[in-house]
Amino acid sequence: MRRALTTAVKDDKTLWDAIAAGPRDFMKTHLLSSVQSASSKDLIHKMCDLLVEIAGAMYEDDETVWKPLLHLIFSLVNDADPKKIDGGLALLNGLFSYMIDEFADHKDEIIAIFRAKLSHPDLDIQLSTLQAVSSYIGMAQRKFIKPYRDLIPDMVKVVLNANMQDDEVVLKNALIEFNEIAEFEPKFFQPKFKEIFVALSPIVLKE
């Protein structure tokens with residue numbers, strides 16, 4: 001489905017562009033509502049991936065697509081169902097590739113989402129949130145990422161929690177995200193470097 005919607009019909013036109021306005025509005029509206037009613041994690045992820053691709057195709061010509069997507073993100077990440085939360089994080093993460101600058105005006109809300117989900121009881125949700133934070137830091141302009149340093153203690157806790165729960169997969173993936181952040185934004189961890197080193201060095205050395 002992803003390839004079908006983004007495959008070029010002509011050099012400057014995608015299949016999504018080729019669909020008439022009525023069917024496009026129908027698909028967009030029903031996808032937005034269907035994501036909220038879906039119960040399968042795999043289905044939620046596929047629908048969120050599809051929404052990301054559609055939004056990316058629409059955004060240059062219609063920036064109003066941003067508002068309903070933002071509403072959907074807040075709805076999903078504030079749901080009690082971990083599957084919905086994970087879908088909301090996947091949607092958020094995917095949109096960074098298309099409309100990263102839009103998030104600059106919503107930093108307080110986005111930081112609040114990240115802080116809450118980094119402390120979620122579900123370790124997989126914590127990892128998904130850490131991955132979303134990492135993606136944002138890697139794509140946003142440097143001047144916009146400074147406020148996200150306040151999340152560093154919560155980010156460190158994801159590694160500590162994975163180590164405490166002896167979840168090797170989450171632990172390794174969390175350490176990978178720390179490594180990637182340090183590579184593409186070396187100064188991000190600088191204000192908290194000592195605390196990070198003290199907390200994580202025993203785990204890294206053990207691994």
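Biologist: Is glutamate 185 buried or exposed?

Modeller: Buried means under 20% relative accessible area, exposed means over 50%, and partly exposed lies in between, using a 1.4 Å probe and protein chains only. Glutamate 185 has 8% relative accessibility, so it counts as buried. Note that this is a predicted model: local features need pLDDT of at least 70, side-chain atom pairs count only at pLDDT 80 or more, and totals for chains, interfaces and linings use all residues. Residues are numbered from 1 along each chain as its sequence is written, and side-chain values use heavy atoms, with hydrogens and water left out.

Biologist: What does the side chain of glutamate 185 meet in a salt bridge?

Modeller: A salt bridge is a side-chain nitrogen of Lys or Arg within 4 Å of a carboxyl oxygen of Asp or Glu. Here the partner of glutamate 185 is arginine 142, at 3.1 Å from N to O. Glutamate 185 sits in the loop between α11 (168–184) and α12 (193–206), and arginine 142 in helix α9 (residues 142–145), so the bridge ties together parts that are 43 residues apart in sequence. Arginine 142 counts as exposed, at 57% relative accessibility.

Biologist: How are the helices and strands assigned, and how many are in the protein chain?

Modeller: They are DSSP runs, numbered from the N terminus: helices are H or I with at least four residues, strands are E with at least two. The protein chain has 12 helices and 2 strands. Along the sequence the pattern is α-β-β-α-α-α-α-α-α-α-α-α-α-α. Of the 207 residues in the chain, 43% are buried.

Biologist: How many salt bridges does a search of the whole structure find?

Modeller: The search finds 6. One of them joins aspartate 86 and lysine 41, with the closest N and O atoms 3.9 Å apart. Aspartate 86 belongs to helix α6 (residues 82–99) and lysine 41 to helix α4 (residues 41–59), so this pair ties together parts 45 residues apart in sequence. Aspartate 86 is buried at 8% relative accessibility, whereas lysine 41 is partly exposed at 41%.

Biologist: Which residue does lysine 46 meet in a salt bridge?

Modeller: Lysine 46 pairs with aspartate 42, at 3.3 Å from N to O. Both are in helix α4, 4 residues apart, which means about one helical turn separates them. Lysine 46 is exposed, with a relative accessible area of 53%, and aspartate 42 is partly exposed at 47%.

Biologist: What describes two packed helices?

Modeller: They are described by the angle between their axes and the distance between the axes. Axes are lines fitted to C-alpha atoms, for helices over the stretch in contact, and angles run from 0 to 180 degrees between N-to-C directions. In this model, the axes of helix α5 (residues 66–77) and helix α7 (residues 107–118) come within 11 Å and cross at roughly 20 degrees. That makes α5 roughly parallel to α7 (angles under 35 degrees count as roughly parallel, over 145 as roughly antiparallel, 65 to 115 as roughly perpendicular and the rest as oblique).

Biologist: Which residues make the contact of α5 and α7?

Modeller: Contact means heavy atoms within 4.5 Å. From α5 come Ile73, Phe74 and Val77, and from α7 come Glu109, Ile113 and Lys117.
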